[in-house]
Amino acid sequence: MDNECLFCRIVAGEIPAAVVHETDTTLAFRDIDPKAPVHVLVIPKHHHADVVALARADPQLAADVLVAAAAVADAEGLRGDGFRLLFNNGGYAGQEVFHVHAHVLGGRPLGPMLAR
Ligand code: AMP
């Protein structure tokens, strides 16, 4: 655990979160500032700064995050209409929290992938 890391502190129970799914290795909770009707963040409990660091250090844990994201999409009823799964990675992507997290977004048409 990184004591300075917001999402590590959520994993540790020091900061509250609206948890929707948990496994031995992952946690999923609602984004505090949702950008869609469904906006859930899926994280590994172990700290890795971004998806590249996670994939290189622990491919099984990276797979666990994807499996958890799929379970969240099912539980939130997103499979039929579709949803977006994204990782922001680094500065150009606007990553704000440097504990890797997948955004599960859905519940309405999400429009083009990027603003032009
Ligand atoms: P990113 O820009 O990919 O790093 O996304 C960080 C996300 O974390 C943003 O969508 C924030 O709204 C969300 N966020 C920040 N603090 C919290 C929190 N305490 N609980 C839940 N989501 C949070």
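Me: Which element gives the largest share of the lining of the largest pocket?
Reply: That is H1, which supplies three residues of the lining; please keep in mind throughout that this is a predicted model.

Me: And which elements each supply at least two residues there?
Reply: Those are H1 and E2, together with strand E3, which covers 38–44, and strand E5, which covers 102–106.

Me: How many residues line that largest pocket, and which lie nearest its centre?
Reply: The lining of the largest pocket is made of 24 residues, and those nearest the centre are Phe 7, Asp 31, Ile 32, Leu 41 and Val 97. Sorted by class, the lining has 13 nonpolar residues, six polar ones and five charged ones, and the space in this pocket comes to about 450 Å³.

Me: OK, now the ligand. Where does it sit?
Reply: The ligand is found in the largest pocket. Two elements give two or more residues to the shell around the ligand, namely helix H1, residues 6–11, and strand E2, residues 26–30.

Me: Which residues come nearest to the ligand?
Reply: There are 16 residues around the ligand, and the ones that come nearest are Asp 31, Asn 88, Glu 96, His 101 and His 103. By class, this shell is made up of six nonpolar, five polar and five charged residues.

Me: What about polar atoms facing the ligand's oxygen atoms?
Reply: His 103 has a polar side-chain atom 2.8 Å from an oxygen atom of the ligand, and Lys 35 likewise has a polar side-chain atom that lies 3.0 Å from a ligand oxygen atom. With Val 97 it is a polar backbone atom, which is 2.9 Å from an oxygen atom of the ligand.

Me: How much of the ligand's accessible area does the protein cover?
Reply: On its own the ligand has 510 Å² of accessible area, and the protein covers 88% of that.

Me: Switching topic, what lines the second largest pocket?
Reply: Its lining consists of Lys 35, Arg 84, Leu 86, Asn 88, Leu 105, Arg 108, Leu 110, Met 113 and Leu 114. By class that lining has five nonpolar residues, one polar residue and three charged residues, and the volume of the second largest pocket is about 220 Å³.

Terms used:
Residues numbered from 1 in each chain as written. Predicted model: local features only at pLDDT ≥ 70, side-chain atom pairs only at ≥ 80, totals over all residues. Heavy atoms only, no water. Near = heavy atom within 4 Å. Polar contact = N/O pair within 3.5 Å; in protein donor to acceptor, adjacent residues only side chain to side chain. Areas by Shrake-Rupley, 256 points an atom, 1.4 Å probe, with all protein chains shown as cover. 1 Å grid on protein atoms, 1.4 Å probe; cavity = no way out; pocket = protein on both sides within 12 Å on 5 of 7 lines; lining within 4 Å. Sits in = over half its atoms within 2 Å of the grid points. Helix = DSSP H or I, 4+ residues; strand = E, 2+ residues; numbered from the N terminus. Nonpolar A, V, L, I, M, F, W, Y, C, P; charged D, E, K, R; others polar. Points joined across faces, edges and corners; volume = space filled by probe spheres on them.
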